[in-house]
Structure formats: structure tokens, C-alpha cells
Amino acid sequence: MTVPVEFFGAASVYEQCPAGQKPEVALAGRSNVGKSSLLNALAKRKKLAAVSKTPGRTRTINFYLVKNSYFLVDLPGYGYARVPGELKTNWSRLVEDYLHNRKQLRGILHLVDIRLTPGELDRQLAEWLRFSGLPAAVVATKADKISRGEGQRQLALIKEALRLPADVPLIRFSAVTGEGKKELWQIIEKWVN
Ligand code: GDP
């Protein structure tokens with residue numbers, strides 16, 4: 001399945017987010033979790049989103065227009081250590097403003113690395129999602145990096161650590177093998193339609 005996805009624009013303050021009423025699905029997760037790689041894999045493009053070797057470089061909210069009808073929204077990664085205090089505050093302020101104000105937001109894809117135990121910020125996001133009532137799915141990235149059996153154990157651990165409600169999908173994903181892509185598109189399309 002090839003779905004047309006194009007970069008639309010970036011916002012460094014909430015007011016710069018696109019005007020209009022197109023529905024949006026946002027991607028959140030700690031930096032280096034594989035957000036850019038996932039976007040590129042979904043779009044079948046190598047350089048749609050920059051895959052960075054420097055964690056925490058993306059400081060804007062990036063908007064990707066899909067089929068000219070809805071946006072995939074790349075939120076800045078969290079969990080970066082070497083960011084000066086002021087910038088850090090600004091950064092999370094942008095995400096908070098977005099999450100609290102965005103009426104066209106239809107759902108959140110929460111990315112976690114399948115090999116890692118979710119961190120404090122992951123647990124906070126999961127908790128916020130539980131209380132917000134917003135549709136959510138957890139995407140366990142880099143699934144190609146561990147065995148199937150180990151993956152099963154990690155998924156159980158992630159589910160418990162994030163206290164995921166039974167109705168929140170937990171999807172194995174790999175930007176390398178394409179595993180999980182079809183399922184992700186189905187979820188995204190369900191939310192925006
Ligand atoms: P971001 O900071 O969340 O945008 O993460 P990136 O997409 O830049 O990925 C961080 C690192 O993980 C890069 O070195 C990627 O090549 C690697 N990576 C991301 N997704 C995968 C995956 O599915 N499989 C493997 N093996 N590596 C991945």
C-alpha cells in the first residue's frame with residue numbers, strides 16, 4: 001500500500017499549527033524511539049522525516065499531510081538529557097499547548113522501544129491518555145532487534161508498566177521489516193474517518 005504523505009510545515013509555538021479543521025493523529029515518544037523512521041516507513045520514503053543520530057534534535061511539531069485529507073503530527077521527542085533548562089520548558093510547553101488545545105486531534109500513537117522498560121515520561125503520557133479519553137495505541141518500535149519470544153515478554157512488561165487498558169492496541173512495529181505497518185494504517189484511518 002502506497003499512501004501519499006508530504007511534509008506540510010513545522011510549528012515552534014502553538015499558534016503556528018496549521019489553521020483549518022483537518023483531523024490529526026499525533027506521534028509521541030522519547031527521542032531516539034524511532035519516530036522519524038516510522039514516519040518514513042509509513043510513507044515509504046527515505047527522507048521524509050530526518051532520522052537523527054543526535055537525540056532530541058527535533059524541537060518543532062512537524063505536520064505531514066496524508067492524502068490531502070488529514071495530518072500525521074510528529075511531536076518533539078521527550079527524555080533528552082542535554083537540553084538547557086529554558087529550552088526544555090519551552091519544548092514541553094509546546095506539546096502541552098498542543099495536547100490541551102487541539103480540537104482536531106483524533107488519536108495518539110505512543111511509541112516505545114520494544115527492548116526497554118518504559119520510563120517515567122512514558123508512564124506520565126500513558127496516564128494522561130487514560131484520563132483524557134483520547135483514542136490511543138502503543139507502538140513497540142524496533143521489533144526486528146529482538147527475538148519473537150523476547151518480544152512477547154517485553155510486550156507484557158510494557159503493558160504492565162504503562163497500565164494499558166484492555167482496549168488500547170499494542171502493536172509490534174519495525175521500520176526495517178515493515179511489520180505492523182498495515183495495522184498502524186488501519187488504526188490511523190479508523191481514527192480520522
Ligand atoms: P526519533 O528520534 O524517534 O525520530 O528516532 P529515529 O527514527 O531517528 O531512530 C533512532 C535510531 O534508531 C536510528 O539509528 C534508527 O536507524 C534506529 N531505528 C529506528 N527504527 C528502527 C527499527 O525499526 N529497526 C531498527 N533496527 N532500527 C531502528
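Some ground rules. This is a predicted model, where local features need pLDDT of at least 70, side-chain atom pairs count only at pLDDT 80 or more, and totals for chains, interfaces and linings use all residues. Numbering runs from 1 along each chain as its sequence is written, and side-chain values use heavy atoms, with hydrogens and water left out.

Back to serine 174. It sits in the loop between strand S7 (170-172) and helix H5 (181-192). Helices (H or I, at least four residues) and strands (E, at least two) are DSSP runs, numbered from the N terminus. Serine 174 has 0% relative accessibility, so it counts as buried. The scale: buried is under 20% relative accessible area, exposed is over 50%, and partly exposed is in between, with a 1.4 Å probe and protein chains only. Setting aside residues up to four places away in sequence, serine 174 touches Ala143, Asp144 and Glu179. Touching, or contact, means heavy atoms within 4.5 Å. Lysine 142 is 32 residues from serine 174 in sequence, yet their C-alpha atoms are 4.9 Å apart.

Lysine 142 takes us to the ligand. An N or O atom in the lysine 142 side chain is 3.1 Å from a ligand oxygen. How much of the ligand does the protein cover? It covers 82% of the 580 Å² of accessible area that the ligand has on its own. Those areas come from the Shrake-Rupley method with a 1.4 Å probe.

Asparagine 32 has a backbone N or O atom 2.8 Å from one oxygen atom. For lysine 35, a polar backbone atom is 2.8 Å from a ligand oxygen.

Now the shell. There are 16 residues around the ligand, and Lys35, Ser36, Ser37, Asp144 and Ala175 come nearest. Near means that a heavy atom of the residue lies within 4 Å. The shell divides into four nonpolar, seven polar and five charged residues. Here Ala, Val, Leu, Ile, Met, Phe, Trp, Tyr, Cys and Pro are nonpolar, Asp, Glu, Lys and Arg are charged, and the others, Gly among them, are polar.

Beyond neighbours within four places in sequence, its contacts include Leu27, Leu75 and Leu111.

Last topic: rings. The whole structure holds three aromatic pairs. Why is the pair of phenylalanine 8 and phenylalanine 71 edge-to-face? Their planes are at 65°, with centres 4.9 Å apart, so the pair is edge-to-face. Rings of Phe, Tyr and Trp (its six-membered ring) pair with centres within 6.5 Å; planes under 30 degrees apart are stacked, over 60 edge-to-face, the rest tilted. Phenylalanine 8 is in strand S1 (residues 5-11) and phenylalanine 71 in strand S4 (residues 70-74), 63 residues apart. Phenylalanine 8 is partly exposed at 47%, whereas phenylalanine 71 is buried at 3%.

Key: A polar contact is a pair of N or O atoms within 3.5 Å; within protein, one must be able to donate a hydrogen and the other to accept it, and residues adjacent in sequence count only if both atoms are side-chain atoms.
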